[in-house]
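Subject: Structure for you to look at

Hello,

Here is the structure I said I would pass on. My notes on it follow below.

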Amino acid sequence: MTLPSSLLAEPEPFDDLPPKEHPVPLATTLSPVRTVPTLAEAALRVRPTTLAVERILPVLPALVGLVPDGLRRGSSLGVSGPGARSLAMALMAGTTSAGSWAAVVGDPDLGLVAAGEAGVALERLAIVTTPEPSAWGDVVGALVGSLDLVVVAPQHRVGAATVRRLMARVRERGSVLIRVGDGPWPDRFDLTLTVVDGSWEGHGSGHGRLLLRRAEVLASGRRAASRERRVAMMLPSPDGSPASSEQTGDG
Amino acid sequence: MTEPARTLVVRCPDWPLTALGVAPSDPAMVLASGRVVAASTAARSGGVLEGQRRRLAQSMCPEAAVLERDEAVEARGFEPVVAALSDITPWVELQRPGTCAFAVRGPVRLFGGEESLVDSTAVTVQEALDDTLGVGAHPGCRIGVADGPFAAGLAARSVDGRAVLVPAGATPGFLIPFPVSVLERPDLVDVLVRLGLTTLGALAALPVADVVGRFGSEGLDAQRLARGLDGRPLQLAGHPPDLAVGIEMDPPVERIDQVAFAARSLAGSLHDGLACRGLACRRVVVEAETGHGERLVRRWRDEGAIGATALADRVRWQLEGWLNGPPGVRPTSGLVRLDLVPEELVHAGSHQPGFWGGATAADERALRALNRVAAMLGPGSVRVPEWRGGRDPAEQMTLVPVPEGPVAGSVDGLIPVVPHPPDSPPWPGVVPAPSPAAVHAAPAAVEVLDAADRTVIVDGRGVVSAEPVRLCQGGGAGVGVVSWAGPWPVDERWWDPSRHRRRACMQVVFDDGLARLLVLEEGRWWVAATYD
């Protein structure tokens, strides 16, 4: 076994990941009479083919009204409004319970018990401390390269160049970036979810306890999601998991 | 079945300390992952024991210097000793840095008896240590001779004098009084001790069928060792001819970092090659060739079969010993070829990876990325949840650092800490579900005011002084209360004055749309969590 000299050095950060599909053999797609294609053309041809269903991360049944086709891989989501954390947990729940990994960067306050109640598979959840603003892009970049779902809540203003680089990586690796919070973001999200009109039920003045929150979530976005949708749901329902209002009824 | 070969073991006591240049008279200890792995004579007389936690060891002997373990330095320092022993026999096997062994049968004829062989070995090692470390800077060496490397290792460990020669055939009797912990199989030993089998003699006396029935192949291996036999019978017949792996390196490498990654993947491919035939090896030969045609050969052995991680470690230690060793040992030019040859093949045991579950490629990839991020941000920066239990949302779950990363080609130690399924007994007084989505790591101090702008208090019977109306933080106008529930008094650990906590919790919904969990403790209100 002869070792190429490139192996003697430490590997590049992301070159150890297997491609998703076997590339189409070059010989069958290139006819011999054609001139040698440029590298970009060749790369385009041998790009792995992926089925449409593999380009989707699943969501909980309660969120189907909000994101009917699941989370599209390679997209970005903005989640904001009062109850944004609960909604982000609901999104993480469907994905992690289907076997994907999720990481949360820069939200040390995330309620882990609530995440467990929402249905997040906690054995596939990692919490990363808030990195320095200078290292933020590298850290999130490393995560979106290998984890399916990365939730960020940056405390600082993220530069446009950083976000552009990140989104290129997200599209290339087919992960999903979720940003939680209301601050400015230098890019348009593919899908924006905003919690509006949340109201808690189950308590009065000095009696009862918090049981559930009825909330309306507004979904808007680009391309297929450009039509605005309003979905009423329980976020959370009495057992802590999100539920659509129709599912349980008002009784 | 063959009898175990008569073996001589040379052991340098406290090698982790000696290699770091600590003389036996200095109080010092070496720690690895928070536990003492070696302590000098001075520290040991202060009460420091191997396996103690750092805090306890430091309280036992505060003046002792605390050093971190450096296996590279250990391997580098031991290479001259092994090189010197090569004058006695070329078949020296390293067990770990600081301990090596060789079969007595060949050299005993040259030296005319075991006693003189032991004497010459002691003198050789002593001279090599004096040359490299200086006279008096090391505690010398211990030598043990017995039937089989396991018993010889114990003979080299159990003495204050120089050498212990267990006569041929007396090994089973010699092993009887040793505690079962010398088997170095913590899980098995734990069960054995609870069953009252505290010594090797007690384990050896059990019927073989019962041991296999209760403990499987691992128990059988342990009992064979306790009976003075070889751990697992060798797989002599029918193994495929060529399991050795090797790489050529062009250009020649002279620095350890240039070859470390290649060596690790080479160790991984050797292990994979063995594993897919259901085999493991007890001994591996590390061979290297230099640009000037020198041939360097060392044998490493482990009584249990060598796993992928252990194999990668041994190859790295050996390369460290050669490439960074003192001038007499170091090769005159760079390495151009590295070979790993497995020897003493045994059945890999009955371990079968799970068909469902277990580590998937996605898990491995995710853990690699998390470890990479942990390396970027420092230890403890990437954490995973673990269930602890408690009444407070902040207490029920805690975060523990993500486990150290998997070595390429192995799946040992890959599964992260799995949160405990919350089917544990209930905690009376726990804040009921749904739990708050944000639990504040640093709770903010707030004022909870009633209609007359007086602070709301909760009396000893758990009754509020007045209805809360407003929440103020830092002198601002604050937010108004829409509705509230509670208070629920919590009186925890009243039996322990230092950890006693007495507080009252309230769920309050405010007119900014958020609900908060407020806690009154020692006369002050805090926002413990937010139902975000």
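Strand 1 of chain B and strand 7 (residues 142-147) of chain B pair in the antiparallel sense, with six bridges between them. Please keep in mind throughout that this is a predicted model.

B:Val9 is a handy residue for finding your way here. Toward strand 7 of chain B, B:Val9 stands opposite B:Gly144; toward strand 6 of chain B, B:Val9 stands opposite B:Ala101. Five of the six residues of strand 1 (residues 6-11) of chain B are buried, so this strand is largely enclosed by the rest of the structure.

For chain B as a whole, the secondary structure comes to 15 helices and 20 strands. Of its 532 residues, 38% are buried. Among contacts in chain B with a separation of 6 or more, 59% are between residues 24 or more positions apart.

Next, the interface. Here 56 residues of chain B are in contact with 55 residues of chain A. On the chain B side, helix 14 (residues 361-377) gives the largest share, eleven residues. Sorted by class, that side has 40 nonpolar, nine polar and seven charged residues.

Eleven strands form an open sheet with mixed pairing, in the order 11(A)-10(A)-9(A)-8(A)-3(A)-7(A)-6(A)-4(A)-5(A)-13(B)-14(B). Its edge strands are strand 11 (243-244) of chain A and strand 14 (397-401) of chain B, each of which pairs on one side only. Strands of a sheet pair through backbone hydrogen bonds, in either a parallel or an antiparallel sense. Where the sheet passes from one chain to the other, strand 5 of chain A pairs with strand 13 (residues 382-387) of chain B in the antiparallel sense over two bridges. One bridge to look for there has A:Val128 with B:Val382 as its partner.

Further along the sheet, strand 8 (residues 191-203) and strand 9 (residues 208-221) of chain A pair in the antiparallel sense over ten bridges. A:Val195 stands opposite A:Val217 in strand 9 of chain A. Helix 4 (residues 84-97) of chain A lies across several strands, including strand 3, strand 8 and strand 9 of chain A, and runs at about 160° to strand 7 of chain A.

Last, helix 7 of chain A. At 1.5 Å a residue, its 14 residues (160-173) should span 20 Å, and the end C-alpha atoms are 20 Å apart, which agrees. Which of its residues are buried? The buried residues of helix 7 of chain A are A:Val163, A:Leu166, A:Arg169 and A:Val170. They cover an arc of only 125° around the axis, which puts them on the same side of the helix. The general rule is that an α-helix has 3.6 residues a turn, so residues three or four places apart point the same way.

The buried residues of helix 7 of chain A pack against strand 3 (76-80), helix 6 (133-146) and strand 7 (176-180) of chain A. On the face turned away from the buried side are the exposed residues A:Ala160, A:Ala161, A:Arg164, A:Ala168 and A:Glu172. Just after helix 7 of chain A, A:Gly174 takes a positive phi of about 70°.

Regards

Key:
Residues numbered from 1 in each chain as written. Chains lettered and ligands numbered in written order. Predicted model: local features only at pLDDT ≥ 70, side-chain atom pairs only at ≥ 80, totals over all residues. Helix = DSSP H or I, 4+ residues; strand = E, 2+ residues; numbered from the N terminus. Expected span 1.5 Å × (residues − 1). Buried ≥ 20, exposed ≤ 12 C-beta atoms within 10 Å, placed from the backbone. Arc of directions from axis to C-beta. Contact = placed C-beta atoms within 7 Å. Pairing = 2+ DSSP bridges. Axes fitted to C-alpha atoms, helices over the stretch in contact; angles between N-to-C directions. Nonpolar A, V, L, I, M, F, W, Y, C, P; charged D, E, K, R; others polar.
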